[in-house]
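Hi everyone, thanks for making time.

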Amino acid sequence: MIHGACMCWDMFRESVAALQDRFHIYVVAVPGHDPSTDEEFTSVEEISRQIEDELIGRGQGQIDLLYGLSMGGGFAIRILADDRLTVKDAVIDAGITPYELPYIATRLILLKDFLMTEWGRHSKKALALAFPPERYTQEGVDEMFRAMGHMTAKTIWRVFDSTDNYSMPETFPALQTNIRYWYGEQEKKARKLDIAYVRKHIPGVEFREIPGMEHGEYVLMRPEEFAEDLIRISFS
């Protein structure tokens with residue numbers, strides 16, 4: 001399981017608790033997001049390689065299910081593209097894909113995302129505008145604010161620069177993996193370019209629109225339902 005930007009790995013704890021009787025779970029602590037270390041975020045490519053090396057080094061080169069949320073979905077896409085792990089099923093939850101836009105447009109988007117995140121990092125009220133407490137709970141907003149407080153400006157810049165522009169092979173490898181792309185009904189417009197990229201570049205993906213859900217809401221706020229879906233996918 002790979003978390004999204006501006007989150008900490010332990011925000012998956014309720015979903016992990018709902019899954020742990022059926023899976024041996026590895027939860028990635030993405031560099032730059034873990035309060036227990038001073039690591040900086042580097043790039044999607046480098047961290048994906050580190051995840052692959054770590055799993056292979058632990059004798060886990062074959063995994064049943066790869067799950068990535070948002071930025072973590074970008075990692076999942078890149079890991080699948082690297083084709084170093086044998087993955088039975090993959091769920092890319094609102095995964096971020098590389099922009100296929102002119103360079104100047106990517107710089108303007110990067111600057112906007114950086115400034116908005118810096119604002120949210122220093123203002124809980126601003127963060128609550130993007131993640132309303134009525135959807136994500138006040139505790140959830142507080143946790144995200146604490147996680148963002150640990151992130152440096154360098155990490156935030158690199159997160160958006162790399163997550164929106166990571167490299168991919170010209171042709172996606174032919175995999176036996178069952179790949180699913182999920183997104184919430186309420187974020188469909190925001191995921192338009194990501195959905196289009198996946199349709200264009202990754203063959204055989206099954207798309208699922210989750211009714212009533214916003215970005216990341218399913219795994220964070222509906223852990224029991226989320227877990228039931230992953231168990232059904234993996235054990236069907």
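Predicted model: local features only at pLDDT ≥ 70, side-chain atom pairs only at ≥ 80, totals over all residues.

Residues are numbered from 1 along each chain as its sequence is written, and side-chain values use heavy atoms, with hydrogens and water left out.

Okay, the sheet. It's open, with 4 strands in the order β1-β2-β3-β4 and parallel pairing. When I say helix or strand, I mean DSSP runs numbered from the N terminus: H or I with at least four residues for helices, E with at least two for strands. Strands pair if DSSP finds at least two bridges between them. At the edges sit β1 and β4 (206–210), each pairing on one side only. On average, neighbouring strands are turned by 15 degrees against each other, direction ignored; the axes are lines fitted to C-alpha atoms, for helices over the stretch in contact, and angles run from 0 to 180 degrees between N-to-C directions.

Zooming in, β1 and β2 (residues 86–93) pair in the parallel sense over 7 bridges. Take Tyr-67: its bridge partner in β2 is Val-91. α3 (residues 71–82) touches β1, β2 and β3 (178–184), and its direction makes about 145 degrees with that of β1. α11 touches β1, β2, β3 and β4, at about 150 degrees to the direction of β2. Contact here means heavy atoms within 4.5 Å.

Now the rings. There are 11 aromatic pairs in the structure, counting rings of Phe, Tyr and Trp (its six-membered ring) with centres within 6.5 Å; planes under 30 degrees apart are stacked, over 60 edge-to-face, and the rest tilted. One of them is Phe-23 with Phe-235, which is tilted, 5.5 Å centre to centre with 55 degrees between the planes. Phe-23 is in the loop between α1 (13–19) and α2, while Phe-235 is in α11, 212 residues apart, so to speak a link between distant parts of the chain. On to the open spaces. On a 1 Å grid over the protein atoms alone, a cavity is a set of points where a 1.4 Å probe fits but cannot get out, and a pocket is an open set with protein on both sides within 12 Å along at least five of seven lines; lining residues have an atom within 4 Å of a point. Points are joined across faces, edges and corners, and volume is the space filled by probe spheres set on them.

The largest pocket holds about 1100 Å³ of space. Its lining has 40 residues, with Asp-113, Phe-131, Phe-160, Arg-191 and His-215 nearest the centre. α4 gives the largest share, 7 residues. The lining divides into 24 nonpolar, 9 polar and 7 charged, where nonpolar is Ala, Val, Leu, Ile, Met, Phe, Trp, Tyr, Cys and Pro, charged is Asp, Glu, Lys and Arg, and the others, Gly among them, are polar.

The second largest pocket is about 660 Å³. Of its 29 lining residues, Met-1, Ile-25, Tyr-26, Val-27 and Leu-55 are closest to the centre. Which element supplies the largest share of that lining? That's β1, with 6 residues.
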